[in-house]
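This briefing describes one protein model for a reader who is new to structures. Look over the sequence and the model before reading the points below.

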Amino acid sequence: QISNQITLGVTEEDIAGTMSAVCEQIMEKERAARDFLLHNKRVEIEDKLYRSWGLLKYARSVSSKEFMQLLSDARLAVGLGLLTDIDQTDLNRLMIAVQPAALQKHTGRELAQEERDAARADYIRETLANKG
């Protein structure tokens, strides 16, 4: 017999409440980690995040993988209040716009990987020109 005894007899409201509590705990741990970084490693974290921001704003070629790493740093910089001219919604839009299919649609043609990386960097630079 296979059964899930953990949720057997538990209401949907209880499950949703438990999930909500777990999410709150995760968010609190994230806030604590950010506070730790700002108070104990401020120079190092600012240096890393501003370097990533510089690469996003000025690079001429950016792979999908590199973009996601740089985007993660930009999201942290926004969350820490280091970047104020851009918000998470702007970064979310940028993330979608520089995916391979979106770039090909934007350029109106199929692109080889090197062309996509260059087109991605161009699009990012244009989008971030007046930000940060």
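A salt bridge is a side-chain nitrogen of Lys or Arg within 4 Å of a carboxyl oxygen of Asp or Glu. The side chains of arginine 120 and aspartate 117 meet that description, with N and O 2.9 Å apart. The model is predicted, and it holds nine salt bridges. The points below take up some of these pairs, and then the helices.

**Salt bridges**

- Side chains of opposite charge can pair when their charged atoms come close.
- Arginine 120 and aspartate 117 both belong to helix H6 (residues 113-128), where they sit three residues apart, or about one turn of the helix.
- Both partners of this pair, arginine 120 and aspartate 117, are buried.
- Arginine 42 pairs with glutamate 46 in another salt bridge, and their closest N and O atoms are 2.9 Å apart.
- Arginine 42 and glutamate 46 are separated by about one helical turn, because they are four residues apart in helix H2 (residues 42-58).
- An α-helix has 3.6 residues a turn, so residues three or four places apart point the same way.
- Arginine 42 has a relative accessible area of 40%, so arginine 42 counts as partly exposed.
- Arginine 109 and glutamate 115 also form a salt bridge through their side chains, at 3.3 Å from N to O.
- Arginine 109 is partly exposed, at 44% relative accessibility, and glutamate 115 is partly exposed as well, at 34%.

**Aspartate 117**

- Is aspartate 117 buried or exposed? Aspartate 117 has a relative accessibility of 11%, so aspartate 117 counts as buried, the cut-off for buried being under 20%.
- Leaving aside residues up to four places away in sequence, aspartate 117 touches Arg60, Ser61, Val62, Ser63 and Ser64.
- Arginine 34 is 83 residues from aspartate 117 along the chain, and the C-alpha atoms of the two are separated by 31 Å.

**Helix H6**

- H6 has 16 residues, which should span 22 Å at 1.5 Å a residue, and this agrees with the 22 Å between its end C-alpha atoms.
- The buried residues of H6 are Arg116, Asp117, Ala119, Arg120, Ala121, Ile124, Arg125 and Leu128.
- These buried residues of H6 pack against H2, H3, H4 and helix H5 (100-107).

**H2 against H6**

- H2 and H6 pack with their axes 6 Å apart, at an angle of about 105°.
- The two helices, H2 and H6, are therefore roughly perpendicular to each other, since angles of 65 to 115 degrees count as such.
- Which residues make this contact? Trp53, Leu56, Lys57 and Tyr58 come from H2, and Ile124, Arg125 and Leu128 come from H6.
- Sorted by class, the contact of H2 with H6 has five nonpolar and two charged residues, and no polar ones.

**H3 against H4**

- Helix H3 (residues 64-79) packs with helix H4 (residues 88-97) at an angle of about 170°, and their axes are 10 Å apart.
- H3 is therefore roughly antiparallel to H4, because an angle over 145 degrees counts as roughly antiparallel.
- On the H3 side, the contact is made by Phe67, Met68, Leu71, Ala74, Arg75, Val78 and Gly79.
- On the H4 side, the contact is made by Gln88, Leu91, Asn92, Leu94 and Met95.
- By class, the residues of the contact of H3 with H4 are eight nonpolar, three polar and one charged.

**Helix H3 and its surroundings**

- H3 has 16 residues and reaches 22 Å from its first C-alpha to its last, close to the 22 Å expected at 1.5 Å a residue.
- The buried residues of H3 are Phe67, Leu70, Leu71, Asp73, Ala74, Leu76, Ala77 and Val78.
- The elements that cover these buried residues of H3 include H1, H2, H4 and H6.
- Just after H3, glycine 81 takes a positive phi of about 80°.

**Arginine 31**

- Arginine 31 lies in helix H1 (residues 12-40).
- Arginine 31 counts as partly exposed, at 40% relative accessibility.
- Between arginine 31 and phenylalanine 67 there are 24 Å in space, C-alpha to C-alpha, and the two are 36 residues apart in sequence.

Conventions. Residues are numbered from 1 along each chain as its sequence is written. This is a predicted model: local features need pLDDT of at least 70, side-chain atom pairs count only at pLDDT 80 or more; totals for chains, interfaces and linings use all residues. Side-chain values use heavy atoms; hydrogens and water are left out. Axes are lines fitted to C-alpha atoms, for helices over the stretch in contact, and angles run from 0 to 180 degrees between N-to-C directions. Angles under 35 degrees count as roughly parallel, over 145 as roughly antiparallel, 65 to 115 as roughly perpendicular and the rest as oblique. Contact means heavy atoms within 4.5 Å. Ala, Val, Leu, Ile, Met, Phe, Trp, Tyr, Cys and Pro count as nonpolar, Asp, Glu, Lys and Arg as charged, and the others, Gly among them, as polar. Buried means under 20% relative accessible area, exposed over 50%, partly exposed in between (1.4 Å probe, protein chains only). The expected span of a helix is 1.5 Å times one less than its number of residues.
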